[in-house]
Amino acid sequence: MNGINQGDAHRTIERVARESYGRLVAYLTVHTHDFVSAEDALSDALVSALNHWPQDGVPQNPEAWLLTAARRSLIDVIRHQHVVQASEPTLVLLQENPTEATSSTEFPDERLKLLFVCAHPAIDPAMHTPLMLQTVLGLDAARIAQAFLIAPKTMGQRLFRAKTKIRSGGIPFEIPQERDLQERLGAVLEAIYAAFGIGWDDMAGADQRGRDLAEEAMWLARVLLQLMPSEAEVRGLLALMLHCEARRPARRGPDGRYIALSEQDAKLWSFQLIEEAERHLGEAFTQGRSGRFQLEAAIQSVHAERARTGRSDWAAIAQFYEGLIRISPTLGTRAGYAAALAEANGPEAGLAVLESIDPDAVSHYQPYWAVRAHLLHRLGRTSEASDAYDRAIGLAEDPAVRRFLLEKRG
Amino acid sequence: MQFALLIYHSPQEFAMRKNDYNDPHLGAWRAYYKALVEAGVYVGADALEVPETGTTVRLKEGKRRVQDGPYADTKEQLAGFITLELPSVDAALEWAARCPGASIGAVEVRPLAPEAKRRGFSG
């Protein structure tokens, strides 16, 4: 064994773990419904790979090797639990074609079922995304806890509870029926977008956690698109994330300063990503069924036009927001609509939209106060503006955003 | 449920207290307090003087031991605390993340002991 081979083996394990983790967990749990055992078995298999591959060389089919090792470990565990009788069918299943698996990757891809299980209505919606990140991507609880701003121990417990519920609660591992499909798919998309949103909001500073999570979310969306190529909203979600991602290099100045979208240098945007986003969005529109993520992507698409035309078509943006409010009247949508309408029809129009929102709902909602401050400032209502800026500053988590608002406030 | 946000400062952040009233860092703190009050979660708060002004007392084997400075000799020192009334620790962590102290020092979130326990504690 030499150092280079060992390094190669480690890199291969890392790559296989990333690409195959969800496939393997899905395949191992689809019959047992037991995430905890499947994940334990898979981590045993990965440890075993770390021990064997550097010496024996990387197997020709690493994924199948891991599956065989994980199955073996799972069978040991099940035997050990003395539930052989009850698990007889499972054991038979797990032992099916044990040799064939080492020579072929042709085991069914069950990740779609896994995604639907993670976002099942019987599971606390707050846990949909963490569960997905863990079971499909293999992120550990401590890392997920960072992103969600929850104590690592608590996140571990919540994940465990959710998995126990899946094992014992009879949540089916299946792709929902046509009549439930849109709603259930909506929950899956929401969960993926939540991961992206957290990654996006927390992208500040030297911290890499946000960036990674945004990438994981795009990975999930691509997996989902592979599995459901004809669902327009899946493409809409991917297009939305690609558009945001395209602007990453322009969101911060060289000194880490926050730069608002309207002040970004469009030359810094990634045209490759914009083009890919546009391709997916165009494809989604031809697939017929409109939806929330396509509308959000359409808004971003209009923003992206500025790179070509040099101006932003705020009236078009406001119109897409109106459509969005009809399907998804969230605080974020309404604040975004207010900002767009202010650009299109003047600050009074935007302020009127903000005033129509229940004040109790926005007492903790930072973007509302940032938009409000900006509009009051434009109207010359200086002292009210400065109060609103204070609220926005006080609710901001990102130091770069805080600095930006402090400067605006003056 | 009440939570304390225990705010730990580095020496640099303690030094910033001497800055001018218009300093953006102090502006961020004022805005943060305002947001806490407006959100209706604020119960109380106090800042502590710089750690060098502390004196630590303990009794060991019946003898008094008095020491200059704070209890623990660490880089970041307790600088103040804010008490908040919140529904859950999740909400407390959110407010801790928004605290200007979290981006250059650290903020520990600790639930306050329930009223009855506190009474027992103080005799």
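**View 1. Confidence along chain A of this predicted model.** Helices (H or I, at least four residues) and strands (E, at least two) are DSSP runs, numbered from the N terminus. Residues 98-104 of chain A have pLDDT below 50, and beyond near neighbours in sequence this stretch has 13 contacts in the model. A contact means that the C-beta atoms of two residues, placed from the backbone, lie within 7 Å. Residues 203-209 of chain A are also below 50, with eleven contacts beyond near neighbours in sequence. The mean pLDDT of chain A is 87, and 89% of its residues reach 70 or more.

This is a predicted model: local features need pLDDT of at least 70, side-chain atom pairs count only at pLDDT 80 or more, and totals for chains, interfaces and linings use all residues. Residues are numbered from 1 along each chain as its sequence is written, while chains are lettered from A and ligands numbered from 1 in the order in which they are written.

**View 2. Helix H2 of chain A.** H2(A) covers residues 35-56, 22 residues in total. From first C-alpha to last it reaches 30 Å, close to the 32 Å expected at 1.5 Å a residue. That expected span is 1.5 Å times one less than the number of residues. H2(A) bends by about 30 degrees at A:Ala49. The bend is the angle between axes fitted to the seven residues ending at a residue and the seven starting there. Buried residues of H2(A) include A:Phe35, A:Leu42, A:Leu46, A:Ala49 and A:Trp53. Buried means 20 or more other C-beta atoms within 10 Å of the residue's own, with C-beta atoms placed from the backbone. Just after H2(A), A:Gly57 takes a positive phi of about 90 degrees.

**View 3. Where chain B touches chain A.** Here 15 residues of chain B are in contact with 15 residues of chain A. On the chain B side, helices H2 (24-38) and H3 (89-98) each supply at least two residues. H2(B) gives the largest share, eight residues. By class, this side of chain B has eight nonpolar, two polar and five charged residues. Nonpolar covers Ala, Val, Leu, Ile, Met, Phe, Trp, Tyr, Cys and Pro; charged covers Asp, Glu, Lys and Arg; polar covers the others, Gly among them.

**View 4. The fold of chain B.** Chain B has five helices and six strands. Along the sequence the pattern is β-α-α-β-β-β-β-α-α-β-α. Of the 123 residues of chain B, 20% count as buried.

Technical notes
A residue is buried if 20 or more other C-beta atoms lie within 10 Å of its own, exposed if 12 or fewer, and partly exposed in between; C-beta atoms are placed from the backbone. pLDDT is the predictor's confidence in each residue, from 0 to 100.
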